[in-house]
Amino acid sequence: MLIFCGSVFTSAQKTYAVQGTVQDFHDKTMLENAVVKIGGFTAKTDKKGTFSFDKIPAGKYTLIAKHPDCNDYTENIGVDRDLHLSIILEHHSGDIETITLHGSHKTRGSVVLKTLDKTEIERNSTENLGNILSKISGVAVLKTGNNITKPVIHGLYGSRISIMNSGVKMAEQEWGAEHAPNVDVNDFEHIDVIKGASALKYGNDGVAGVVLLEPAIPPKKDTLMGSVKLSGISNGRGGEIAVNALKSWNNEWFVKTGGSYKKLGDLYIPHHTLQNTGAEVNSFNFSFGNHGFMQGFDVSYSGINQEFGIYKGAHLGNNYDAYMAMNFGQPFFLDDFTYDIASPKQNVEHHIAKVSAYKRFADFGKITFQYSFQLNKRKEYDIRRGELNSLPAMDLRLITHTASLTHLIERADWSLESGISAGFQDNYPDPATKARRLIPDYYRYDAGAFSVFKYRFSPKLNAEAGFRYDFSRYDAYKYYDASEWDEKYASVFPQFYVQKNDSRILARPVFDYHNFSANIGLSYKPVRALDIKFNFSRISRTPNPAELFADGLHHSAAIIEKGDLRIGQEVVYNANLALTGKFEVLKGLQLEANPYIMFSDSFINQIPVGFQSTNRGSFAIWEYQQIKARIYGIDADAQLTILDNLKWTTNFSALRGEDLTKNEPLILMMPTNLRHSLELSLNKPSNFYIRFENENVFKQNRFPIRDQSVQFIQDGELVTRVIDYSSTPAAFSIFHASVGADLFKNLNLNFRINNILNKEYREYLNRLRYYMPEAGRNFVVTLKYNF
């Protein structure tokens, strides 16, 4: 017994030194203040990431290492000699932010980024994407009526804005003025808007900016969660239902699904109802995958179907009606409410299937692969005679395949992200419409490569530089009137001639484009309360199909469009400065100013050049031209926290666009606007808030004169009259209010009133403003049950 106890005593006194380092997996930096536990012994790492235990008794222990924003590291070790350990922690693994620009750029990058969070989206979930984004300074909405909207950033829209739907760049015939984004905002947790052309990783089309639609990241635990949302909408006498559900497991697998349905009848304007302005929208999404830290994948599908009525009063049968409507506001087709959607209308469906996967390597970085397939079908119906009335006047099918491979490597003071991509697009306009095809058959081939390098000079100064090359090829088949071909293209593109059929020329335009784009950016924080960001970029963009090939009546837009094969690449230079300051005023004041300037010697512009009476009605002719242009402006935001639960927010935007070729203002530039909001939040009842908003839009006094002359019979005589196609609407100020609270633990109520005073007004950026005002007062009530 004495011998045994002596052996145990001797063994217990045997101790060893245990030393080591704690390192970040991503950028290899040594982590300070990491807590390392060996049994009952505890130590912290120093600035060099090292820890040390002088005397650990021999034995077996559980080692635990912890650091903020990291997964805990656990390992069983045996101490029977002096040890030196290297511990690597999975930093930021809770939300794989490096998949998107949102996480990395927002904290360390130089891009100008604004975010709409989950709360803002849910409060306005019955709105379309364009209307929601317009709450951000510098972002406006281009409308065709009140249902069809698309975002405008710093005066630019269409294919100059890249919309990324869960990492997939939307390909949806977005070229024209009235093609609304085919997305359901209920699918996303937050929306990021990058102003300017600094996000080269998303392509070279985002001259104005990029919109990132990001879904919620599945939690890494065993849970079932979701929501059911019901909304009632007074204007249109309709409603919406949206459902989503997610099942996740501790082993990082997840399955997610959701969908929505919205139905509206004819929309109400002050004192009247607009005939044929209803809408019906349904969507569905499904995804599954495994999002581990070291590796993961996901497979997803989303589909949306939208049917919109086009106000009949915008499609007038003759020049006299057009003259009376535009010059004197003569209303047509009012009242007689219905849920039916008749011609003219458009029906659009969009499908996205995506497969993505990523793998992290300890020293090499992260590799991500993604493939996506998109199918876009667009049918636009005109008011046609006889059996043709049931046929769409335009029937386009667009198929897009895209694949990309990216590599990201991060170190303590720098990171490098590079990638390659390839795409193929097939556009098919169905000739069964028996109408001239607005956009012809074409194939488009794309290939690109980019690299973005970021360097941290000091905690105050960061810099980045990016480069991108893109190759694009169009291979199209298109018919031209022989007179137009001979006048414009016969001598310039003789190689495109195929054959002549009666008075029509069949051509096969084949164009190759080599685009080089670059960006440099700085982020500087001279003092704690001030942030300065600056970006300068050169972007080269391939003309979109409408700019090259459009030819004919775009009935839902109520215009005749004309493209031009002679249009070349668009090169835009963009400088963007952002200043953010924080001041100790009351409970805190934050001010932001974002001045910017864009200039181009090859800007592609669309302007009205004439008016034409056809057997399908009277319409303005809009033509694409290439000009020298300059756009400059400023966005400003202020947020004052008056009390802990009372906040005042203001944002202001103004810009000026100039056509330097014709020495006149650019058309369809956003008017100066000013928005205010005051929000009171209380803890009881739970999550209670009340919010008042005021929106002020000033008259746009800078516009080109594009009045058009028309002829018609009046009192038995042929007369010539001038249609006022240029004047802009008066300034307006409207008010909104909303209130919400949790009624019970899992039940939330939100009530909103848009245009409280039921004011009649018109917006300059509504292409149908000549025929109709904006929507009147609208009550929206939403009940949401979370489980």
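How many residues of domain 1 are in contact with residues of domain 2 (contact: heavy atoms within 4.5 Å)? Five residues of domain 1 touch eight residues of domain 2.

This is a predicted model, in which local features need pLDDT of at least 70, side-chain atom pairs count only at pLDDT 80 or more, and totals for chains, interfaces and linings use all residues. Residues are numbered from 1 along each chain as its sequence is written, and side-chain values use heavy atoms, without hydrogens or water.

**Domains**

Domain 1 covers 15–89, and domain 2 covers 213–340 + 361–786. These bounds come from an automatic or database domain assignment. The two centres, taken over C-alpha atoms, are 52 Å apart. About 660 Å² is buried between the domains, with carbon and sulfur atoms giving 63%. Buried area here is the accessible area (1.4 Å probe) that two parts lose on being put together, summed over both. Zero salt bridges are counted between domain 1 and domain 2.

**Helix α5**

Helices (H or I, at least four residues) and strands (E, at least two) are DSSP runs, numbered from the N terminus. Helix α5 spans residues 319–328. Seven of its 10 residues are buried, so the helix is largely enclosed by the rest of the structure. Buried means under 20% relative accessible area, exposed over 50%, and partly exposed in between (1.4 Å probe, protein chains only). The buried residues include Y323, M324 and M326. Strands β35, β36, β41 and β42 pack against the buried residues of α5. At the N-terminal end, N318 caps α5, with a side-chain oxygen 3.1 Å from the backbone nitrogen of Y320. G329 follows α5 and has a positive phi, near 65 degrees.

**Salt bridges**

The model has 43 salt bridges, each a side-chain nitrogen of Lys or Arg within 4 Å of a carboxyl oxygen of Asp or Glu.

| Pair | Closest N and O atoms |
|---|---|
| E592 and K114 | 3.2 Å |
| K195 and D635 | 3.1 Å |
| K587 and D644 | 3.9 Å |

E592 and K114 form a salt bridge. E592 lies in β35 and K114 in β8, so this pair ties together parts 478 residues apart in sequence. E592 is partly exposed at 22% relative accessibility, while K114 is buried at 19%.

K195 is buried at 2% relative accessibility, and D635 is buried at 1%.

K587 is exposed, at 51% relative accessible area. D644 is exposed, at 69%.

A network of salt bridges links R123, K135, E679, R691, E693 and R752.

Terms used: Contact = heavy atoms within 4.5 Å. Polar contact = N/O pair within 3.5 Å; in protein donor to acceptor, adjacent residues only side chain to side chain.
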